[in-house]
Amino acid sequence: MIEDGFLVSLALLIFCHALGDYPLQNDFMARGKNWKTPVPGVPWFYLLGAHSVIHGGLAGLATASPIVGILEAVAHFFVDSLKNKGIISIHGDQALHIACKVVWAVMVVGGWV
């Protein structure tokens with residue numbers, strides 16, 4: 001049986017992911033975070049970094065764990081970079097993001113963070 005704490009953590013993390021990837025990501029950030037579609041005068045890594053930090057902040061708040069927040073920010077930057085390079089599709093991108101949420105929820109419930 002799956003523990004209730006795991007389901008609550010996972011649901012909050014997925015909610016925060018949807019929030020960070022859609023309503024909190026405007027067109028400026030969505031285009032500019034990819035070096036193939038740069039915004040003049042703004043380095044792509046500033047925007048991808050800001051997007052990743054937003055995700056990290058949301059995950060850290062959802063789990064009350066700064067460690068999860070840091071892990072999420074780093075993982076989000078890496079996964080989105082894979083998508084920018086064309087190594088994975090949008091579907092692979094979202095699958096990897098959700099897989100990270102599963103790992104974070106296991107870590108929280110296990111008391112590892």
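## Surface patch and aromatic cluster

Val102, Val106 and Trp112 make a nonpolar surface patch of about 290 Å². The model is predicted. Elsewhere, ring pairs link Trp35, Trp44, Phe45, Tyr46 and Phe77 into a cluster.

**Nonpolar patch**

- Val106, one of the patch residues, lies in helix H5, which covers residues 90-109.
- Relative accessibility of Val106 is 36%, so Val106 counts as partly exposed. Patch members need over 30%.

**Aromatic pairs**

- Four aromatic pairs turn up in a search of the whole structure.
- Among them, Trp35 and Trp44 form an edge-to-face pair. Their ring centres are 4.7 Å apart, with 65 degrees between the planes.
- Trp44 also pairs with Phe77, and this pair is tilted.

**Accessibility of the paired rings**

- Trp35 has 29% relative accessibility and therefore counts as partly exposed.
- Trp44 is at 26%, so Trp44 is classed as partly exposed.
- Phe77 has a relative accessibility of 29%, which means Phe77 counts as partly exposed.

Note on methods
Residues numbered from 1 in each chain as written. Predicted model: local features only at pLDDT ≥ 70, side-chain atom pairs only at ≥ 80, totals over all residues. Heavy atoms only, no water. Patch = residues over 30% accessible without salt bridge, like charges linked within 9 Å, V, L, I, M, F, W, Y side chains within 5 Å. Areas by Shrake-Rupley, 256 points an atom, 1.4 Å probe, with all protein chains shown as cover. Salt bridge = Lys/Arg side-chain N within 4 Å of Asp/Glu carboxyl O. Helix = DSSP H or I, 4+ residues; strand = E, 2+ residues; numbered from the N terminus. Buried < 20%, exposed > 50% of the residue type's maximum accessible area, 1.4 Å probe, protein only. Phe/Tyr/Trp six-rings, centres within 6.5 Å; stacked < 30°, edge-to-face > 60°.
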